[in-house]
Protein chains: 2
Amino acid sequence: MEVLPVAVPVWSVDPRTGKQRAEVGTETTAGEVDAAVRAAAAALPALADRSVRSRLLRGAAGLLEDSAAEVIAAADAETALGVPRLTGELARTAYQLRAFADVVDEGGFLDVIIDHADPAAQPIPRPDLRRYKIPLGVVAVYAASNFPLAFSVPGGDTASALAAGCPVVVKAHPDHPATSALCAELLRRAAVEAGLPADTVVLVHGFEAGVALVSHPLVAAAGFTGSIPGGRALFDAAAARPRPIPFHGELGSLNPVVVTAAAAAERAEQIGAGLAGSFTLGNGQFCTKPGLVLAPAGDDGDRLVAALTGAAAEARPGVLLDGRMRENFLKGVAARAALPGVSVPVGPGEGDDEAGRTVRPGYLVAEARDLAGAGAYDLLLEECFGPLTVVVRYAGDAELAAVLDRLPGNLTATAHLGADEAAQDGGTAAALLTRLSALAGRVLVNGWPTGVAVAPAQHHGGPYPATTSTSTSVGATAIERWLRPVAYQDTPQALLPLELRDANPLGVPRRVDGVR
Amino acid sequence: MEVLPVAVPVWSVDPRTGKQRAEVGTETTAGEVDAAVRAAAAALPALADRSVRSRLLRGAAGLLEDSAAEVIAAADAETALGVPRLTGELARTAYQLRAFADVVDEGGFLDVIIDHADPAAQPIPRPDLRRYKIPLGVVAVYAASNFPLAFSVPGGDTASALAAGCPVVVKAHPDHPATSALCAELLRRAAVEAGLPADTVVLVHGFEAGVALVSHPLVAAAGFTGSIPGGRALFDAAAARPRPIPFHGELGSLNPVVVTAAAAAERAEQIGAGLAGSFTLGNGQFCTKPGLVLAPAGDDGDRLVAALTGAAAEARPGVLLDGRMRENFLKGVAARAALPGVSVPVGPGEGDDEAGRTVRPGYLVAEARDLAGAGAYDLLLEECFGPLTVVVRYAGDAELAAVLDRLPGNLTATAHLGADEAAQDGGTAAALLTRLSALAGRVLVNGWPTGVAVAPAQHHGGPYPATTSTSTSVGATAIERWLRPVAYQDTPQALLPLELRDANPLGVPRRVDGVR
């Protein structure tokens, strides 16, 4: 007797009440995932034309803007991130889609290198070699909880994969399925309007669908933004395939901040207030939230902490993205606060709303010497998602260095420096930045890591567990994740891709016989 | 009672006799591997200066040339590859070291992108962002059996890693430990002469040392050239680490060749003779040996096979790199020849030398329809290391397409085309090349894949199992494997790496505000 699978409903939930809002659909079955990947794979040849990709990306940006009110309302109802933040996120997402269209049009990402034949080359004659990059195939995108637009269905992974010429199957995040469905429809409409199959972008729902996706033979690469356990499980599955695939996961980051003695002496109050603004931004739900702040012991550090206390105490309680995150946040705070010697100047914890859905921001203080060796204090070196930061007081360079030596990889690392330090070539501050560059993919001076500019020079990635690869998920070079090089040897002009022909009819940037 | 480890001797063996030549040293113990990696890691800061790296690479090339007679004699005694071939390989290896020195000097590999701050940027103001690439850390290199120089201790993996600024720990291949020790000494001397620690390059011996290396916490990436089982085991170990590392492995390749009906009609004899030359080159021990040749059924294909028979029958027996390879070759040939319908026009097998160490080159013929579905004939789709190729006769495009659909990933794929086909834009030959580009990292027309030119546009890599990543192990872009980007945000000029300062004192190529 055949057992028919029971359709599992996918609910949109209001995190402000914990109540189900609407049934968005059903979880994608294994058979449906297979069909989704095959349909997406069939769109690959149509994406070979770069002008079509560019049209798709610009069209998607336009449709997103046209539907802004509806999309933002859905996202706010599902995430409680608020209309102002989501309005900004939508603008950023549309900007990012267009930025990748510009990347596609410019063509530099193809990395064209042409070496003409050289029969006189030493030690042996050289054939004609022409190399550029081609799309890998279907890309699986795992959407993030904390950016329902910019790191989800229409976000950077999708935009960069489409820019590279790869069809995309997105696994919706369960915290915003209605927003995901809306955005997927817009992307699919943009595909059709650009002359592409609708299945250039396909949406799937459900945990099992996500697991099936990374193991599908026709999936050629994956992009992920989320937790360390979830991301690592998928990374492991990607590596264990008969044919392993690249898995570009952004998993977690502590985003350490070092405040030097000179910086504290000069700007303790400003730094304390700035830190409060940064770690509470978006209710502490940014990948780049500063989670560990190394502040000097002594009076100047005390002033910093006092300013932080003042500002953090004024921060308003907020709703986290879902109930499980709220529970994990409260547990994580309690476990950290229970460590001997850890003090709680502003207690993070449950808010006082009637529905019992909010949390209050707050921070802890620990001693650097407690973190210098492996042990229970390792917990302070793990990310705690939500509005918590930990200030670690250090007495002298040795204590600071000992804590830095224990840090895992990060998306960002920040130094707050005194004016003289910042102006000195080859001094202690330069050595500190070199040390921080070994810990992170982005190094900041006198700023805050929250906020990730979409720009060609951006790098949003870092040593594991920040990222499972050496790639970025934001900025122009994010496109590199979905490409592989192919070289053509001694191939007649008529058979070469247009980008590799001598006449360069598409006008792409190239390096020919060593000359750019 | 403490059990002292017994030192396991490392022997240099003469493959022409199977006899031990000399004891080179002992297998590296776990403790010695740890010390080797730590010593190499200590050399990392000294490699930060690009001019020192360039000096190291040029110095190593010079020392290799100065010691050519000794190195070639050792390599020939251990590998039986012959003095002419090894003389060429040494020249190629020295050329490659200098080519990477040029890459280091030019600085384009740093991928510098600078975006100045733009307070007026939409949708939000943009900070100052400057990005370049930094070395990953200690690189583990696993040397190949079949290129004792060009893909071993002083080969492309080592050269590109040093060029990137990464110290290297090389695991010697057991087939040429004496050559490895000689070359390691030359590299270490070049390091010292360049002002670097000798431990910038460290050599280790033994299977267990190789396993320990890929799991060492301070090893940041690995390069490998070898078999699928060995490479996959190390790839799996690299992925399973608490902190996974990139593993760039070149594992195996069938290097399919497609001969179209038109090509066979025009040049059957020439193609048959060319194939014989290519698959027997270096006794069939090239990663790029054409192992599967799709030739048309019918008279023209018959002429090709006849020419191949004539040329292959004249090929002389030769000694393989070691006794195990010889045994595997003979077993592999026998298993393939035993498949129903597979014929043996020129039987590969044991040579007739007194020592019983040689093998005779030969080839098999199979029918495309037998390979079209999964089953016993899958064996023909696996690489057989040594002087064997398999000609698969196809009747029509459908049979050809069916075999291509079953092929794994490859380093190369080759098309032999008729003159009209080669001149036709957008025709069947163009479609064939597109199909082949999905199967391989290098596509050739009317040539043979053996011989991999060291050139900026080269790509020596391909879909799994050809490579475990999307990278190349030959050519200028091989350096990309050992780097990761770091972005600096709002960092004062005095604290920026020189390559990122406005004045560009080192004159590196950069992309500034969108302009190259």
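## Around A:P361

Let's start with one residue and its surroundings. Leaving aside residues up to four places away in sequence, A:P361 touches A:F279, A:T280, A:A315, A:R316, A:P317, A:V346, A:G347, A:P348 and A:P387. Keep in mind as you look around that this is a predicted model.

Where along chain A does A:P361 lie? Its place is in the loop between strand 15 (358-360) and strand 16 (362-367). A:P361 has a relative accessible area of 4%, and it counts as buried because that value is under 20%. As for A:R267, which lies 94 residues from A:P361 along the chain, the C-alpha atoms of the two are separated by 23 Å.

## One helix in chain B

Now turn to chain B and its helix 13, which spans residues 397-406. Its buried residues are B:L400, B:V403 and B:L404. Looking down the axis of helix 13 of chain B, you would find these buried residues within an arc of 100°, so they line one face of the helix. B:A398 and B:D405 are exposed, on the face turned away from the buried side.

What do the buried residues of helix 13 of chain B pack against? Their partners in chain B are strand 10 (256-259), strand 11 (292-296), helix 12 (368-371), strand 17 (388-394) and helix 15 (428-437).

## How the two chains meet

Technical notes: Residues numbered from 1 in each chain as written. Chains lettered and ligands numbered in written order. Predicted model: local features only at pLDDT ≥ 70, side-chain atom pairs only at ≥ 80, totals over all residues. Heavy atoms only, no water. Helix = DSSP H or I, 4+ residues; strand = E, 2+ residues; numbered from the N terminus. Buried < 20%, exposed > 50% of the residue type's maximum accessible area, 1.4 Å probe, protein only. Contact = heavy atoms within 4.5 Å. Arc of directions from axis to C-beta.
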